[in-house]
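Here are a few notes to read alongside the model.

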Amino acid sequence: MSQAESAMTAFDPNRFVLEHDQETPKEILRAAYRAFGELTISFSGAEDVVLIDLALKVAPKEDVTVFSLDTGRLHAETYAFIERVRDHYGIAIDVRVPDTEAVQALVHEKGLFSFYRDGHQECCGIRKVAPLRRRLAGLPVWVSGQRRDQSPGTRSSLQIAEHDSAFGSEQAPLIKINPLARWTSDDVWTYIRMFDVPYNALHERGYVSIGCEPCTRPTLPGQHEREGRWWWEDQGGKECGLHAVNLAPPASSSV
């Protein structure tokens, strides 16, 4: 049994939170690495590159795995960003793509922009959630760049460690580590500037939260960063499904 598998049987996220919640993201990552002997980071945005930068300071490069989801609808600047991060850190990035047949079936039935009519969940489910599910299968732990202030409606109670019930199960439990939970956007950008961390060129053009090209736009002064995502939908539960565990279950109706 590997260290990660042994840790999974004994790891208590509540205890981890009690012991490490007030520590820096670097120390949280160090504690997670001590517990599991490996770090797998989901990479797409500015927060995630900060995590890569920190992870490589607390763990050997061979114990840090980075993956990214290529939905097929990303900005050209995002693809350039992925390559810049790969070159900057000298790391492999496992780029995952959606199932071709599932994408073709959706496009054949509903066209290329069905999310403007039907909502983003179906398209995100095929292009993002399914590839992530396949990538996380069998893993004991993964690291995400979520922050509590990113989406007050869905992430305000985010903890630095939690059971990922969206992608794990009782039979195959999965832990998600959120080292930046208590950081703000200002904290992230202070770190990026201080340590010359690569970032997506779209940030220089008013984009804050960056996803697929058709579903992302710059935000105006005073707007929350998530208002640049799926702007045609209700502003409440802005999650694509990657962090569906953040969404409160619908209230049961009384009979």
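1. First, a term: a residue is buried under 20% relative accessible area, exposed over 50% and partly exposed in between, using a 1.4 Å probe and protein chains only. By that rule Cys 215 is buried, with a relative accessible area of 8%. Cys 124 is buried too, at 9%.

2. A word on provenance: this is a predicted model, in which local features need pLDDT of at least 70 and side-chain atom pairs count only at pLDDT 80 or more, while totals for chains, interfaces and linings use all residues. Residues are numbered from 1 along each chain as its sequence is written, and side-chain values use heavy atoms, leaving out hydrogens and water.

3. Which residues does UniProt list for "binding site"? The unreviewed entry gives Cys 123, Cys 124, Cys 212 and Cys 215. They span 93 residues in sequence, yet no two of their C-alpha atoms are more than 10.9 Å apart, so they gather at one spot. Please keep in mind that such annotations may be inferred rather than shown by experiment.

4. A cavity here is a set of points on a 1 Å grid, over the protein atoms alone, where a 1.4 Å probe fits but cannot get out; lining residues have an atom within 4 Å of a point. Of its 13 lining residues, the closest to the centre are Cys 123, Cys 124, Cys 212, Cys 215 and Trp 230.

5. The lining of this second largest cavity draws its largest share, four residues, from helix α8 (residues 121-136), where Cys 124 is found. Helices are DSSP runs of H or I with at least four residues, numbered from the N terminus.

6. Cys 215 sits in the segment after α10 (185-194). Beyond its neighbours within four places in sequence, Cys 215 is in contact (heavy atoms within 4.5 Å) with Phe 115, Gly 228, Arg 229, Trp 230, Trp 231 and Trp 232.

7. Asn 200 also lies in the segment after α10 and is buried, at 3% relative accessible area. Not counting residues up to four places away in sequence, Asn 200 touches Glu 77, Thr 78, Phe 81, Arg 84 and Ile 210. The side chains of Asn 200 and Thr 78 make a polar contact (3.0 Å), meaning a donor and an acceptor among N or O atoms within 3.5 Å; residues adjacent in sequence count only if both atoms are side-chain atoms.

Notes: On a 1 Å grid over the protein atoms alone, a cavity is a set of points where a 1.4 Å probe fits but cannot get out, and a pocket is an open set with protein on both sides within 12 Å along at least five of seven lines; lining residues have an atom within 4 Å of a point. Helices (H or I, at least four residues) and strands (E, at least two) are DSSP runs, numbered from the N terminus.
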